[in-house]
Amino acid sequence: YLLNKWAGVIHDKNDSLPGSIKKDSLDIYVTYPNGSGGTSTKLYHADASGQFQLDSIPAGRQALKIVYLPSDDTLMRYATVLPRQKINNPKLYKLASSFSAGSDSSSSYLTKVAGSDSVYSSGCTSVCFWIANNTGSSKTISSIKLSWPSPTAYYATIYWDNTIVFNKAGSPRGVSGTTYSFSAGQTIADGQQVRIRIADFASHNSNGGGGNENMTNANLSVLFSDGSSLSAYSGACY
């Protein structure tokens, strides 16, 4: 089924396109049988024109979920993929939200520093990336939501530079798709860059977490309390 492909395009309620800023706020998940009695989930992202393409998808009726992170606007649909389907006319998916809501300019949100995402530490159990504030004013961040489709893993600690803002080494640990408040709000000044580190990913949501969970090549979606959203790809662990 490596030849099977599916294409779509995402508009907001006003038929506007996401553009270069909001495209990173769109997560597209497809879930399909993995051939072993379970399912696998892949995460994709749209381009600035709202278009996306799914590849290496088994033929059949596969579950599709589109999430606009700033408002948690979620579309649940199905994609009917035919055997050896090269490409289809992109199917339109329309959100209930507006891409321009809550923002008067393209520079009102924090952004990820390009190429700053990585995975490291013994067992490849920590993911880090840098964020930048180019909004023209300082911002105070009080919470974070981290989401990833695979692997199944639970984290213990989040660092804002060298400050621990989340620490749940015991049970329960940090869970994908859950919003957690910081122990104290953190301010990032205009023009400043800050390193975010999510540490000690483990295989179980329990005290100690069981064994280490390797986060190599993980796709993470990040949503901060001010509505800033970004994507991070951990890449290879060396």
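Which residue forms a salt bridge with Lys139? The partner turns out to be Asp226, with the closest N and O atoms 3.1 Å apart; a salt bridge here is a side-chain nitrogen of Lys or Arg within 4 Å of a carboxyl oxygen of Asp or Glu. Asp226 sits in the loop between strand E16 (219-224) and strand E17 (229-233), while Lys139 belongs to strand E11, so the pair links distant parts of the chain, 87 residues apart. Strands (E, at least two residues) are DSSP runs, numbered from the N terminus.

The model is predicted: local features need pLDDT of at least 70 and side-chain atom pairs pLDDT 80 or more, while totals for chains, interfaces and linings use all residues. Residues are numbered from 1 along each chain as its sequence is written, and side-chain values use heavy atoms, with hydrogens and water left out.By the salt-bridge rule, the count comes to six. One of them joins Asp72 and Lys145, at 2.9 Å from N to O.

Another pairs Asp200 with Arg173, whose closest N and O atoms are 3.2 Å apart. Asp200 is in the loop between strand E15 (193-199) and E16, and Arg173 is in the loop between strand E13 (163-167) and strand E14 (178-188), so this contact ties together parts that are 27 residues apart in sequence.

Arg173 is buried at 1%, whereas Asp200 is partly exposed at 31%. Lys145 is buried at 11%, and Asp72 is partly exposed at 41%. Lys139 is buried too, at 17%, with Asp226 partly exposed at 22%.

Terms used: Buried < 20%, exposed > 50% of the residue type's maximum accessible area, 1.4 Å probe, protein only. Helix = DSSP H or I, 4+ residues; strand = E, 2+ residues; numbered from the N terminus.
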